Amino acid sequence: MPKITPWNSQCKLRFGNAIALIFTLLLACGGTILPASAAEEITPPPPVLPVSPYTIQDDAGNTVTLAAPATRIVPMYAAFSQMLVHIGKGATIAARTNNDDAAPQSAPVIGTHMRPNLEVAVALAPDMVLIPLGREEADQAALHMERLGFAVARFRLDSFEAMFSCIQRLGILTGAQAEAQQRIAALRQRLDAVAARWQEAGHKPSVFFEIRYPNLLGAGAGGMLHDVLTHAGGRNVLEAHTQAMARVNEETLPALDPDVYVMQQGPMNKAALPPTQRPHFQTLRAVATGRWLAVPEHLFSRPSPQSVDAVEALHQFLYPQLPPLPGRVTP
């Protein structure tokens with residue numbers, strides 16, 4: 001005889017099966033069963049705020065964001081002023097360092113890029129401060145300005161690629177990104193034109209670049225000067241030295257025996273004698289053959305758009321057998 005389940009037991013069984021089915025369907029659909037009190041506590045996520053278009057990452061790895069394009073900039077290195085002028089933003093320069101010949105001469109002076117007067121910089125209430133990366137005094141100035149709430153961007157300027165990257169980011173911060181890209185493209189085109197000339201010439205002359213004399217310092221492979229030499233078609237005789245500047249013993253200099261000797265003249269090398277008047281330089285091939293050149297420091301040692309001018313000028317000296325460079329390419 002079949003087993004007969006009482007009516008109330010059948011109802012309980014069917015009700016339990018229905019609840020289990022509903023629970024299974026909820027889980028399959030990604031549903032969540034919460035008590036009423038927990039459901040009431042759920043709040044919507046905060047709105048996603050738009051990212052400012054005036055945002056960059058500087059060479060110290062910091063994110064720098066402005067609410068609007070910078071209009072009052074304190075460049076604590078003259079190279080930054082030259083870049084700003086180059087992209088049509090010279091009017092944003094609110095101060096200048098001692099040797100800054102690109103900034104408006106009416107702009108207040110804040111000292112040198114190594115020892116800036118921070119009180120003057122703070123009083124100008126800039127919306128952006130530009131700092132060269134890698135100099136201890138400049139790093140301290142950057143920290144001071146940041147503690148006071150000013151936007152600070154640090155840039156490394158040790159090669160053409162680093163300089164082009166800086167120009168691009170200054171274009172973002174000033175709302176001149178398109179102009180910056182056009183200017184960079186024009187500068188690259190000029191460098192490419194020089195490279196095409198010396199690549200076909202064959203022999204690359206060796207070059208020694210004098211940064212300071214006496215206590216002779218030469219350009220090593222770790223700075224912008226090395227990039228200028230190589231882009232001009234020269235071979236840096238101090239390329240094995242990874243620093244930007246390398247100490248050189250005058251008595252061992254003849255062992256390097258460069259084809260060309262270049263000496264800068266400026267604040268770092270104020271009263272250097274011509275190499276023809278130095279006892280240990282008489283045997284240098286470059287001096288004996290008259291293949292030495294004095295160049296302005298601000299043009300060669302300051303990483304800026306004018307560094308391309310330096311490349312063109314040096315290239316012409318290194319390769320006198322080639323015809324003069326054609327007119328410069330402009331954007």
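A residue is called buried when its relative accessible area is under 20%, exposed when it is over 50%, and partly exposed in between, using a 1.4 Å probe and protein chains only. By that rule, both Asp309 and Arg190 are buried. This is a predicted model, in which local features need pLDDT of at least 70 and side-chain atom pairs count only at pLDDT 80 or more, while totals for chains, interfaces and linings use all residues. Residues are numbered from 1 along each chain as its sequence is written, and side-chain values use heavy atoms, with hydrogens and water left out.

**Salt bridges and the Arg169 pair**

- The structure holds 10 salt bridges, each being a side-chain nitrogen of Lys or Arg within 4 Å of a carboxyl oxygen of Asp or Glu.
- One of them joins the side chains of Arg169 and Asp59, at 3.0 Å from N to O.
- Arg169 lies in helix H6 (residues 160-174) and Asp59 in the loop between strand E1 (55-57) and strand E2 (63-65), so the pair ties together parts 110 residues apart in sequence; helices (H or I, at least four residues) and strands (E, at least two) are DSSP runs, numbered from the N terminus.
- Arg169 counts as buried at 9% relative accessibility, whereas Asp59, at 30%, counts as partly exposed.

- Asp309 forms a salt bridge with Arg190, with the closest N and O atoms 2.6 Å apart.
- This pair links helix H12 (residues 306-318), which holds Asp309, to helix H7 (residues 177-201), which holds Arg190, across 119 residues.
- Glu312, which is buried, also forms a salt bridge with Arg190, the closest N and O atoms being 2.8 Å apart.
- Salt bridges that share partners join Arg190, Asp309 and Glu312 into one network.
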